[in-house]
Amino acid sequence: MKKLFLFSFLILCLVHGAFAASCNHSFITDGYIKEADCENFGLRRLKCQICGEMKNEVIRALGHLWDSGTVTKNETCTENGIKTFKCTRCGKIKIEAIPSGHKWETKGGNYTALICSVCGSRKTGYGAKGPVGGYIFYDCDADNTSGNKDRLRSVECGWRYLEAAPEDLPETYAWGDDGSFGTKTGIGEGRNNTNIIVNNASNKRKDNAAMACVMYAGGGYSDWFLPSLDELNLMYENLKEKGVGNFHQDAWYWSGSENSNNNAWYQNFGNGRQNNNNRNNNNYVRPVRDFRLACELSLSFMIWEGSFV
Ligand SMILES: [Zn+2]
Ligand SMILES: [Zn+2]
Ligand SMILES: [Zn+2]
């Protein structure tokens with residue numbers, strides 16, 4: 001009897017085992033051990049409808065359901081704003097910065113200036129086409145490094161914009177004669193330097209960089225000059241470094257600024273390095289001109305024309 005019972009039990013176990021192993025389980029949820037929420041995983045109990053086998057299953061965290069957000073602080077020209085989002089499921093709050101910044105507008109597209117419609121700040125879009133087909137590389141009025149921001153500095157400068165000729169002169173030139181002429185390096189010195197060099201040129205040095213600029217008649221204008229060292233550097237930073245201006249790669253360009261009795265300053269337009277070079281040497285020359293717009297003389301606002309490149 002005892003033997004029969006053990007035998008029967010063994011058979012039952014084998015049958016049950018075979019049955020369980022061959023079951024195409026069909027699990028259904030039997031209850032939750034832990035519900036998932038926005039940030040935390042959950043755990044649920046599953047039970048096979050056929051064989052009764054039980055197992056647990058992880059439920060992934062649901063993630064927040066952010067609303068479309070509300071601006072809780074408006075951004076200004078100089079300070080970030082704040083946008084606040086709320087989770088529609090759990091109520092959690094998150095904030096995002098709205099980046100500060102000016103609202104630049106180009107009213108009709110003038111040569112250079114962009115004006116903030118909120119605070120009236122101005123900045124210059126260098127590389128714009130100038131009035132005689134060159135490239136604008138400096139706006140005296142937008143340069144707030146000195147002087148009063150609220151004033152048109154061009155009144156102090158005597159001009160407002162600097163424009164580079166669209167191309168280098170086709171030849172290279174020597175700088176000119178030896179001697180101490182009193183040429184300077186600053187912004188706004190280029191025209192006067194050029195006059196000084198030309199006026200001091202001996203007959204054998206008539207064919208020099210400054211003279212070539214004076215003789216240049218690009219755009220039908222005859223007011224071109226050789227840039228001073230600082231003006232040359234503005235041309236490098238605001239045009240060449242921005243990929244504008246058709247400059248020769250890695251070429252040295254003459255400035256109109258003397259360095260010693262027989263050397264003058266020049267600048268490499270591959271890396272921006274400035275150095276001095278013997279005045280007999282031939283280097284590239286890019287004429288520039290300064291100008292202002294007629295209506296600016298009366299301090300009324302500027303004429304808006306031209307286009308950005
Ligand atoms: Zn089953
Ligand atoms: Zn949530
Ligand atoms: Zn602004």
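Three strands form an open sheet in the order 12-13-14, and the pairing is antiparallel. The edges are taken by strand 12 (252-258) and strand 14 (274-278). Each of these has a single partner strand, so one side of each lacks a neighbour in the sheet. On average, neighbouring strands of this sheet are turned by 40° against each other, direction ignored. The model described here is predicted.

The contact between strand 12 and strand 13 can be followed residue by residue. Strand 13 covers residues 263-268 and pairs with strand 12 in the antiparallel sense over 4 bridges. Trp-252 has Asn-268 of strand 13 as its bridge partner. Glu-258 has Ala-264 of strand 13 as its bridge partner. A hairpin of 4 residues joins strand 12 to strand 13. Although strand 12 is an edge strand, 6 of its 7 residues are buried. Strand 12 is therefore largely enclosed by the rest of the structure.

A further open sheet has 3 strands in the order 1-2-3, again with antiparallel pairing. Strand 1 (27-34) and strand 3 (54-59) are its edge strands, and each pairs on one side only. Here neighbouring strands are turned by 30° against each other on average, direction ignored. Strand 2, residues 42-48, pairs with strand 3 in the antiparallel sense over 6 bridges. Within this pairing, Lys-47 stands opposite Met-54 of strand 3.

Strand 10 (135-139) belongs to another antiparallel pairing. Its partner is strand 11, residues 161-164, and the two are joined over 4 bridges. Tyr-135 stands opposite Ala-164 in strand 11.

Cys-140 is itself buried, because 22 other C-beta atoms lie within 10 Å, and the cut-off for a buried residue is 20 or more. Cys-140 and Trp-159 are 19 residues apart along the chain.

Helix 5, residues 229-238, is mostly covered, with 7 of its 10 residues buried. The buried residues are Leu-229, Asp-230, Glu-231, Leu-232, Met-235, Tyr-236 and Asn-238. An α-helix has 3.6 residues a turn, so residues three or four places apart point the same way. Leu-229, Leu-232, Met-235 and Tyr-236 are among the buried positions of helix 5.

These elements sit within a wider fold. The protein has 5 helices and 15 strands. It contains 309 residues, and buried residues make up 25% of them. Contacts between residues at least 6 apart in sequence were also examined. Of these contacts, 55% join residues at least 24 apart.

Definitions and conventions: Residues numbered from 1 in each chain as written. Chains lettered and ligands numbered in written order. Predicted model: local features only at pLDDT ≥ 70, side-chain atom pairs only at ≥ 80, totals over all residues. Pairing = 2+ DSSP bridges. Axes fitted to C-alpha atoms, helices over the stretch in contact; angles between N-to-C directions. Buried ≥ 20, exposed ≤ 12 C-beta atoms within 10 Å, placed from the backbone. Contact = placed C-beta atoms within 7 Å.
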